[in-house]
Each structure stands twice: as C-alpha cells, then as structure tokens.
Amino acid sequence: MSDLTELYQEVILDHNRRPRNFGALADATHRANGHNPLCGDKLTLALHIEGDRIINVMFDGSGCAISKASASLMTDAIKGHTVAEAETLFDAFHLMVTTPISDPIDESQIGKLAVFSGVREFPARVKCASLAWHTLKAALSGAQVAKTE
Amino acid sequence: MAAPGALATFDVAAIRSQFPALDQLVHGKPLVYLDNAATTQKPQVVIDAIRRYYEHDNANIHRGVHALSERASKMYEDAREDVRAFINARSTTEVVFTRNTTEGINIVACAWGDENVAAGDEILITAMEHHSNIVPWQQLCKRSGAILKVAPIDDRGALIVEAFEQLLGPRTKMVAMTQLSNALGTVVPVAELTTKAHAVGATVLVDGSQAAYHFATDVQALNCDFFVFTGHKVYGPTGIGVLYGKEAILEATPPFMGGGDMIGSVTFEESTWNVLPYKFEAGTPHISGPIGLAAAIRFVRGIGFDSIHAHESALLAYATERISAMPGVTIIGTAPVKASVISFVMDGIHPHDIGTIVDREGVAVRTGHHCAQPVMDRFGIPATARASLAMYNTTADIDTLVRALARVQEVMG
C-alpha cells in the first residue's frame, strides 16, 4: 500500500482537484497539444513568452490525476522563469522519472516536482507524468503536437 | 445480497482449477482477472496441446510426405473441422484461418470490398464498433469513393433499429456490425438485422470477436455472409483467428495475399489459385494456433454454452447491481440485452487512476477508450474503466472489485 500513497501524494491529489494555471490563455505566443493515444489523455499548453522569459503559462484538457497534477505543478514551476531554466527542469524531470527505482533522486535540481518520483514504481504511468513536459518541449521548439504512448 | 442461485450446477471452482494463470498473487493479493474482453486466460488443455505439438509433431504442413508433416497437416485440418462445428458452418471450405479478427475484417474489406464496392456505394456500420470494424471500411471508402454510414445508438448504448433500417438502401453494399460491443456490453440482434440487410441486397459481416466466447455461434442461423472471430478470446492462443465466409462468396472473391500454399500452379506468366479455404491462407500458417484453438473449443463445448451463459448472465446481473449501488459510480452501457461487460466511470476520478489502484488490490480491469473512441465521444467521456466477465469469474471476484473501488475513492479522496 505504501507505493500507492507514494504515487498519490497529497500534493498530487490537491493539484488534481484544484489544478493551477488551468484554462485558456488569450495572448499566447507558443502553443502545443499533447496527446497520449493509449489512454486518451489530452492537454493543450499555451505560453506567453517575452524575450527569453515565460511570462505566463496555462493548460487545458482532460486526463488522469497524474497527468493533470503534473501539468499543474509544471506550470507553477516554470512560470516567471526563463526558457533555458524550463529546459533544464525538463531534463531534470526526465532524468528523475527514468532513474531506476533503486537509485536515489537528486532533489536539489527538481524541488517540489520530486513528488513524482513515486511514478517510477508504476511503469504504465510514467507517460502520464511526462505528457505535460513533452508538450512543453514541443511548444518551445515550435512543434504543434506532442505524443506519448 | 444473496448470490445468484442459477450457479448451482456449474462448478466454477473446478473450472478455475483448469486455468493455471488464475492461481497467483498480484501485489501480494489473489489475482481477480476481469479483463476478459481484452483476452481470456488459457486452460491447461490448450497449453498442453501447443506444447505437445511442438514436442512431438512439429513440421510444415500440406507438402511433406514424411510422418511428422502428415501428423501436423492432419492436426491442422482436424482443427479446422473443430472450428467448423463450433460455428456450425456448412463446410470446412468456409473456414479460413487468420491472425485475428482484425485480419479477417481487412481481408473482406480489401479482397471482397475492392471487387464489389464502387464510388457512391454505401457501407453501413454501427456507432459501437471497435476500431477494427471502422478503419478497414474507411480505407475501402477512400479507395473506392464509397460512403461510410453509421447507425446510431441510444443513451443506453442500444442500437436504434429504426435508424439502422432507414440507413439501409439500394446503395448499401456491406453491413458490418459487432454482435457484442466490447466497450458497452450491448448485444446486437444481428440475425434480425442480417435479414433486413439482405432484403436490400447488402452483404453482411458479423464481428463475433466478443460474442464467440459467451454464446454459441451458428452462422447458418445468423445467415450472415462473413463472420469473424479471434482465438485468444475463446480461451485459445493469440495469433489465430477465423474468417468464415459463405462458400459461393469466398469462391467469387479474389485472394488477399499471394505466396506459397495459396496457389494452384505458378509460372512467370500467370498463377492459378488453390481451392478454398487455402486460397486465403498464403504462406506457412501459424500451425500451433489452430491446434491450440481446437483444444480451447473442445474445452468450451465440454462445459457447454448453456451453462456458461447462465453463469455469466447471473454474474453480470450481480455485478451490475453491486457496482451501480456504489455512490459516485455510473455504468456506461445499460442496454436491455447485455453480456459480460460492465463499463463504468467514477465521479471526479479518471479511469486510469482507477486501474492503477485496483491493480494494487490484485484486480485486473481495462481502462481507456477500449479501441472504441467514437463510443467514448458518444457518451462525452474520455475513457471508462471496464470489468469483463468470463466463465471462471465468481461473485467473490465482484465483491473484491467493489471493495477495490471503495479503496479507489478512499485514496483519491
């Protein structure tokens, strides 16, 4: 049972129930759609970037608790930061969810997002946690669509 | 709530003991396997038949003169006779081995479709088809200029028969429909609809993928022109399916794939085709597949569909009652005639989270769109969780599922 509570931590449940930065963004400069065809999770990510700084970011869509909380926490984490910082965070997140379960996580890089380290116990759910991040990468690179399956 | 009484003569414990995979712990809990609409577990006799074939009889078929090849050929063709009897086809010439249901539908859509469907013709399907009974017809429409029509379903997930009838017309060339919806559990009155389709001159394909392990199939009584099903859902191995076609129609249909075994003679100028059903079985087939499938068919017939159906119906009624009594749980698919499948959603909880949490209780259910995205769109939901029953499930399995769903609500707050 401990690995379940490890996955569904209170922070994740809270962001699932009350997602932050959820809704449309009128003055978006960057946008991408993320889709996990396997489970039907869909999200739209919209960013307002000025120079190299992410002024605002919002997401919309439907998905499981993990994908929704991940998008919510991600938007919180990158808002107000530079594109380069967001990309560094992407790498740190990717490293965390692909680190073998037996290895420790470097929390100095990842901060609050460490709540998703429990997803490593659930291989089928890693894609859920990663969807928002892949969509972010697509939006920053100018691609329109990101897919995880 | 009393357990259903109709199960008295059906020894489910004895049946369960035939399925080795059911006897295991998952995350430390006894496995409760409720993903049967995806694939069923295999009885020991099926595993033994495949193993025995590879240990004693393995050889290529239809060409060797040596003892092993003769044995393998005989086992392969005996299996065809078992399948013929299973679906009550007139002749083994009407039984084509495929990989699965999807391949069967694609053979018909390509080989029969390209020959018989032209621009402006219509193909009629239902709104509850699996992607495998949508996409091949869309592709045929694209190739031929034909039009795909979709008969709607009501809010319970039942086919609206009047609307189906209105969509039938002189341009309807093919009616392709499931006998049992994998996403909703709806039983479709395919015999009645086949009669209506034939009245306008349409050819009929019935997708029996879900139905074939819940009730007896009689292709002559259905009177459909094609019937497709897959082995792995009738307790047989994966990788083996069956395409039934009426002999006259198969005779008139060109082959789908060219190669060895499907030919009469070959020169560089021209080839002629082998007789039915070999015309549709190019290349070395999945020889152990039909052998395993035949063992599964004999196993199922030994128990009998009357008992299986009675057991599963009582269990479905019990599961429906227990699950619909849970607060915050809604069953999707409440057609008056259903079998096996209970698709459901939970308030504020995504099906994926349901699937993960019940798995930790040892309960295997399917979550997602079940390869039926148009069904999900029809009900305005992204996905469902789905429990699907087989002959070896028990009321105790349902009780465990209900407890696990309560646990989901607890975890997700």
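Predicted model: local features only at pLDDT ≥ 70, side-chain atom pairs only at ≥ 80, totals over all residues.
**View 1. Helices H4 and H5 of chain B cross in a right-handed sense.** The axes of H4(B), residues 101–116, and H5(B), residues 135–144, come within 9 Å and cross at roughly 20°. Because angles under 35 degrees count as roughly parallel, H4(B) is roughly parallel to H5(B). From H4(B), the residues in the contact are B:Ile105, B:Asn106, B:Ala109, B:Gly113 and B:Asp114. They meet B:Pro136, B:Trp137, B:Gln139, B:Leu140 and B:Arg143 of H5(B). By class, the residues of this contact are five nonpolar, three polar and two charged.

**View 2. Helices H3 and H10 of chain B make a left-handed crossing.** H3(B) spans residues 67–87 and H10(B) residues 288–303; they pack at an angle of about 40°, with their axes 8 Å apart. The two helices are therefore oblique to each other. H3(B) contributes B:Met75, B:Tyr76, B:Asp78, B:Ala79, B:Arg80, B:Asp82, B:Val83 and B:Phe86. On the side of H10(B), the contact is made by B:Pro290, B:Ile291, B:Leu293, B:Ala294, B:Ile297 and B:Arg298. Ten of the contact residues are nonpolar and four are charged, with no polar ones.

**View 3. Chain B touches chain A through 15 residues of chain B and 13 residues of chain A.** On the chain B side, the elements that give two or more residues are helix H12 (351–359), strand E16 (366–368) and helix H14 (395–412). H12(B) gives the most, with four residues. The chain B side of the contact divides into six nonpolar, seven polar and two charged residues.

Conventions. Residues numbered from 1 in each chain as written. Chains lettered and ligands numbered in written order. Axes fitted to C-alpha atoms, helices over the stretch in contact; angles between N-to-C directions. Parallel < 35°, antiparallel > 145°, perpendicular 65-115°, else oblique. Left-handed = near helix turned anticlockwise from the far one by under 90°. Contact = placed C-beta atoms within 7 Å. Nonpolar A, V, L, I, M, F, W, Y, C, P; charged D, E, K, R; others polar.
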